Amino acid sequence: MVQRLNPEVGRTAPEEGIRLMDEGDKPITTAELLELRDQMLEAADRAIAGDPALYRQIRRMLCKVVHGDVEIGDYYSLALNIARSLDKLGPGVFLFEYYSENIHPEKKGKARFFRPECQDLLFQLDSIQDYKRKKRPFKIINGGKGDEGDASHPVRLHNG
């Protein structure tokens, strides 16, 4: 049987012996992989909703790394700050734990992979926003009547 992500924390447990195969060693289907991804995105979205200010701070740091210049002397402190912020944002959320471990300079993080890891994390954060938009589509609200009695144009609201 395929292990499902626990939607409350976004990861499976225990970590030892986790396999993405069923008991007959048949490969997991694309639909099952997509379901697991949706569960992971949902858990990450809940973590972000719990501390949106920290999420914005992490995005700013990632954008600085991806789109700006980072001095080699600033690498260690910036990588450590991003990793600790990810740990604080989503303890138990697989996506944040994975990137925290791969960015943290005292764990698996390496200076030469810092920018690509940050770029990939930024892409994943964008995926969470896309998932959120698809889950809660935009709403269209028609306005009231104008001065001449005509209905005004519909107003599109953000789904936030």
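In this predicted model, the buried residues of helix α4 pack against α1 (30–50), α3 and α5. The residues of α4 that count as buried are Leu95, Phe96, Tyr99, Ser100, Asn102 and Ile103. One of them, Ser100, lies in the helix spanning residues 94–103 and has a relative accessibility of 1%, which places this serine in the buried class. When residues up to four places away in sequence are not counted, Ser100 touches Ala83, Leu86 and Asp87; helix α3, against which the buried residues of α4 pack, comprises residues 72–89.

The aromatic side chains were examined next. The count of aromatic pairs comes to three. In the pair formed by Tyr75 and Phe114, the ring centres are 5.1 Å apart and the planes stand at 80°, so the arrangement is classed as edge-to-face, for which the angle has to be over 60 degrees. Because Tyr75 belongs to helix α3 (residues 72–89) and Phe114 to helix α5 (residues 111–135), this pair ties together parts of the chain that are 39 residues apart in sequence. Tyr75 and Phe114 are both buried.

A further pair is made by Phe94 and Tyr98, whose ring centres lie 6.2 Å apart and whose planes are at 35°, so that the pair is tilted. Phe94 and Tyr98 are four residues apart in helix α4, and therefore about one helical turn separates them. With regard to accessibility, Phe94 counts as partly exposed at 44%, and Tyr98 is likewise partly exposed, with a relative accessible area of 37%. Together with Tyr99, the residues Phe94 and Tyr98 form one aromatic cluster; within this cluster, Tyr99 is listed among the buried residues of α4, whereas Phe94 and Tyr98 are partly exposed.

The cysteines were considered in turn. A disulfide is a covalent bond that joins the sulfur atoms of two cysteines. The structure holds zero disulfides, a count that rests on a cut-off of 2.5 Å between cysteine sulfur atoms. Cys63 has a relative accessibility of 28% and is therefore partly exposed, while Cys118, at 0% relative accessibility, is buried.

Helix α4 in turn directs its buried residues against α1, α3 and α5.

Technical notes
Residues are numbered from 1 along each chain as its sequence is written. This is a predicted model: local features need pLDDT of at least 70, side-chain atom pairs count only at pLDDT 80 or more; totals for chains, interfaces and linings use all residues. Side-chain values use heavy atoms; hydrogens and water are left out. Buried means under 20% relative accessible area, exposed over 50%, partly exposed in between (1.4 Å probe, protein chains only). Helices (H or I, at least four residues) and strands (E, at least two) are DSSP runs, numbered from the N terminus. Contact means heavy atoms within 4.5 Å. Rings of Phe, Tyr and Trp (its six-membered ring) pair if their centres lie within 6.5 Å; planes under 30 degrees apart count as stacked, over 60 as edge-to-face and the rest as tilted.
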